[in-house]
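Trainee: Before we go further, could we look at the model together and work through some questions about it, one at a time?

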Amino acid sequence: MTFEAPHIRVKDLNVYIGHNHILKNISLDIPDKKITSFIGPSGCGKTTLLKTFNRLLDRNKDVKINGQVLVDGEDIYGSQVEVTGMRRKMGLLSQRPFPLPMSIYDNIAYGPRIHGLRKKKELNQSVEHYLRATGLWEEVKGRLNSPATSLSIGQQQRLCLARGLAVEPEIILGDEPTSALDPLSTQRIEELFLQLRDKYTIVLVTHILRQARRVSDYIVFIYMGEIIEFGPTEELLLNPKQKLTQEYVKGYIS
Amino acid sequence: MKRKKIESFFFKSLMILATLMIAGSLVMILWTITAKGIRSLNWDMISKVPEGGFYIGKGGGLLNAIIGSLYITIGSTLLGLLISIPVVLYINIYARKDSSLATVTRFTFDVLFGIPSIVYGAFGFTIMVYFGLRASLLAGIITVTLVIIPILARAMDEVIRRTPEELSDATYSLGATRWETSKVFLRQSLPGIMTAVLLSSGRAIGDAASVLFTAGYTDSIPTSLSQPAATLPLAIFFQLSSPIQEVQNRAYAAALILTVIVLVISLGAKYFSKKLSKNKI
């Protein structure tokens, strides 16, 4: 599938780690302001693909990346790209929430601060705004100065989302962001994604088919480092065209 | 069945015996220095400098050595941190993960760790002679710094390396630079860094061989970096080799003071790392 103005366009991407060919000839368009989920068995390369989008992968030794990843039409692997600025466009939500070793307030204020916001009043506004956006404000407004690790794990994940949103990204990358959470917290995160869809392009890695079905507009099925099928959620899950996708959706391969 | 029982009894007894030997030797050490040193220990010992020379003098105290040891310990720990923190940050955050540079650096620290402190002392002495310097507080601090850098760096490296990748993923995706990420890592690793500092200062205060030629020994408290400085380990060494019984007893008092200081440092290390890690997770 191709889109007219994709937010992220991947062209002939190949990733090698050591001698392993992890991603093979990936070409993919991620549509703007939609939720796209990557599904596939563990080790199929879906997280690796996600991490090529904000160049978190190339910090590792022995990683070789060929091909292009265009964000807003600009190749992020180009030699002119300023990596830190580019990364700022993409909020990341990892499998386990990992709050920064500081207070709840400082976790949210960290991003705006490193990008030069110093005024106390604006920082306060920003912190409140993003805590409200993730539904945390009412729960934490009385203890903004306590350490972020004092929150429950579900709250921590929403804090991490708020922290990411505070640097005003355009894209949210979620690497199985609910895998460490209880069902109720999972539901809250999923609801948040659905709310955020109007403003952000969201890319999710998930191994839970039901979750992919609940939240995503499009699904990409990846198997052994290759994209097998890409299509609108209902179509891909109910009428998969490829045999592998059929088998995966029915639960024969996992 | 019976054979297994005998076997298990045998090894259990062996383990208990070994544990008792270790615990016993600690008790013996504490007992010996306390029994021999307590009579010479008085307020003068920790509040006055020696009278009549450290080798034969029976009067005065060890204030010169206590102060000298503290100067050297604090000075070398600060200097050591100043050098090892950038190295550790570089190999963990700036260089690629598990790059060959990091491997070589870690190996170097391991080798440096294994070099006996008398060798560092001799090395420091050679350099002093080359530059025509006398034994001084500064030379002592520099030499002891060399001794503790591998300890500091290895301990901090271990802590920072164990910090989950999610933390740097988080800061980088917020658009943080490596330096900004480094600061967050230091904050996250604070309890471990604290332990490293106290561990290495325990070593710094107790080391005799490295300061023997470099810091020298004196009966007075140093007032500048270029003056020689006395240290507690050397106070023990010199007084114990004195032919006079009273002076020998003073060596045990010095040992007692040194042990108490080291004990306070390691208990402090435990306390702080517990307290700091509580705040963290």
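**A buried leucine and its surroundings**

Mentor: A:Leu49 is buried, since 26 other C-beta atoms lie within 10 Å of its own. Keep in mind that this is a predicted model.

Trainee: In which helix of chain A is A:Leu49 found, and how many residues of that helix are buried?
Mentor: A:Leu49 is found in helix α1 of chain A. That helix spans residues 46-53 and is mostly covered. Its buried residues include A:Lys46, A:Leu50 and A:Phe53, together with A:Leu49 itself. The helix is therefore α1(A), and its count of buried residues is 7 of 8.

Trainee: Which residues does A:Leu49 touch, not counting residues up to four places away in sequence?
Mentor: A contact here requires C-beta atoms, placed from the backbone, to lie within 7 Å. With residues up to four places away in sequence left out, the residues that A:Leu49 touches are A:Leu23, A:Ile26, A:Phe38 and A:Ile222.

Trainee: What separates the C-alpha atoms of A:Leu49 and A:Asn145?
Mentor: These two residues of chain A are 96 residues apart along the chain. The separation of the C-alpha atoms of A:Leu49 and A:Asn145 is 37 Å.

Trainee: Which residue with a positive phi follows α1(A)?
Mentor: The phi in question is near 60 degrees, and it belongs to the residue that comes after α1(A). That residue is A:Arg55.

**Chain A as a whole**

Trainee: What radius of gyration does chain A have, and what would a compact globule have?
Mentor: Chain A holds 10 helices and 10 strands, and its C-alpha atoms fill a box of roughly 55 × 45 × 35 Å along the principal axes. For 254 residues, a compact globule would have a radius of gyration near 18 Å, and the value for chain A agrees with this, because it is 18 Å.

Trainee: What share of the contacts in chain A with a separation of 6 or more comes from residues 24 or more positions apart?
Mentor: As background, 45% of the 254 residues of chain A count as buried. Among contacts with a separation of 6 or more, the share from residues 24 or more positions apart is 67%.

**Where chain B meets chain A**

Trainee: Which element gives the most to the side of chain B that touches chain A?
Mentor: The contact takes 26 residues from chain A and 22 residues from chain B. On the side of chain B, the elements that give two or more residues are α7 (165-173), α8 (178-188) and α12 (245-280). By class, the residues of that side divide into 8 nonpolar, 6 polar and 8 charged. The element that gives the most, with 6 residues, is α7(B).

**Helix packing in chain B**

Trainee: Why are α6(B) and α9(B) roughly antiparallel?
Mentor: The axes of α6 (residues 137-162) and α9 (residues 190-206) of chain B come within 9 Å and cross at roughly 155 degrees. Angles over 145 degrees count as roughly antiparallel, so α6(B) is roughly antiparallel to α9(B). The crossing is right-handed, and the contact has 12 nonpolar, 3 polar and 1 charged residues. The angle behind the assignment is roughly 155 degrees.

Trainee: How are α3(B) and α6(B) oriented to each other?
Mentor: Helix α3 (residues 63-94) of chain B packs against α6(B) at an angle of about 40 degrees, with their axes 6 Å apart. α3(B) passes α6(B) in a right-handed crossing, and by class their contact has 17 nonpolar, 8 polar and 2 charged residues. The orientation of α3(B) and α6(B) to each other is therefore oblique.

Definitions and conventions: Residues numbered from 1 in each chain as written. Chains lettered and ligands numbered in written order. Predicted model: local features only at pLDDT ≥ 70, side-chain atom pairs only at ≥ 80, totals over all residues. Helix = DSSP H or I, 4+ residues; strand = E, 2+ residues; numbered from the N terminus. Rg over C-alpha atoms; globule rule 2.2 N^0.38 Å. Buried ≥ 20, exposed ≤ 12 C-beta atoms within 10 Å, placed from the backbone. Contact = placed C-beta atoms within 7 Å. Nonpolar A, V, L, I, M, F, W, Y, C, P; charged D, E, K, R; others polar. Axes fitted to C-alpha atoms, helices over the stretch in contact; angles between N-to-C directions. Parallel < 35°, antiparallel > 145°, perpendicular 65-115°, else oblique. Left-handed = near helix turned anticlockwise from the far one by under 90°.
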